[in-house]
Amino acid sequence: DPREVNVVDGPVPKHRQLRQILLAMVEGELVPDAPIPSERELVTRFGVSRATVREAVGRLVAEGRLYRVRGKGTFVAAPKVESQMHLASFTEDMRRRGHKPSTVVLGADETVAPPPARAALGIDVTDRAFRVERLRSADGAPMAHEVSWLPAAPLPGMLERDLTSSIYSILAHDYGRVLDSAAQTVWAEGADPLRARLLRVPPAAPLLVFRKTSYAAGRPLEHVTSWYRADRYQVHMTLDSAL
Ligand code: GLP
């Protein structure tokens, strides 16, 4: 919580510490176009000089994370396309990149999840889970093959929903569960013959694999593996110093 973090004396310049705190606010509680606290408030809250505040804010403006409006203040900039890794749904991710998403449901069952998915979702062998397998396309051409596991108990009737639409929207709108954090691992793989056929690439073509467990209010709600065509998909991330 950035409100509990403070600027301290030490080897790390204060403007860098403050930049880091402001960045956490921008990525956390503040939404695009929200004002950041005024220069005076920052001076008081963090016990730093005006010069320090100006330096920290100025850097974030230069980096495109904040923008200034004359006579009004400093505001949070909308994230740039591809500039960060977000906890975004496929639907949202494609739209942001300027592509039209579409989906074919290859399978949707209520079953027993395999041990890794059970462990990730924190469910038992006696608990039911949904397995949703989908082919995701962008502008009509295959982009990713996706296998999602979701716990059945908190999501009654999930399989009757339109699974060609966004699962994240269904979770939010029909179940009031907004995914707010995730742990993700990325690696590379050559397409096996089945996936090559689905994604319409040559066998062994490079794929980027994303395996993710996503949480809503601390509770795991999906464990998903997505195989993206590496010729069509890349991710960018901005990296901050460890501080
Ligand atoms: C991306 C993620 C998947 C997630 C999916 C949900 O593809 N890599 O982990 O399951 O989005 O997308 P949607 O909400 O469009 O169904």
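Two exercises on a predicted model follow, each with a worked solution.

Residues are numbered from 1 along each chain as its sequence is written, and side-chain values use heavy atoms, with hydrogens and water left out. In this predicted model, local features need pLDDT of at least 70 and side-chain atom pairs count only at pLDDT 80 or more, while totals for chains, interfaces and linings use all residues.

**Exercise 1.** Work out which strands stand at the edges of the open sheet.

*Solution.* Begin with the order of the six strands, which is β3-β4-β5-β8-β7-β6 with antiparallel pairing; strands are DSSP runs of E of at least two residues, numbered from the N terminus, and two of them pair if DSSP finds at least two bridges between them. Next, β3 (101–111) and β6 (181–190) each have a single partner strand, so one side of each is left without a neighbour in the sheet, and these two are the edge strands. Finally, turn to the pairing of β3 with β4, where ten bridges join the antiparallel strands, and where Asp109 has Arg131 of β4 as its bridge partner.

**Exercise 2.** Determine whether Arg134 is buried or exposed, and find which backbone oxygen its side chain reaches at 2.9 Å.

*Solution.* Locate Arg134 in strand β4, residues 129–138. Its relative accessibility is 2%, so Arg134 counts as buried (buried means under 20% relative accessible area, with a 1.4 Å probe and protein chains only). The side chain of Arg134 then reaches the backbone oxygen of Leu163 at 2.9 Å, and a polar atom of that side chain lies 3.1 Å from the backbone oxygen of Ser165.

How values were computed: Helix = DSSP H or I, 4+ residues; strand = E, 2+ residues; numbered from the N terminus. Buried < 20%, exposed > 50% of the residue type's maximum accessible area, 1.4 Å probe, protein only. Polar contact = N/O pair within 3.5 Å; in protein donor to acceptor, adjacent residues only side chain to side chain.
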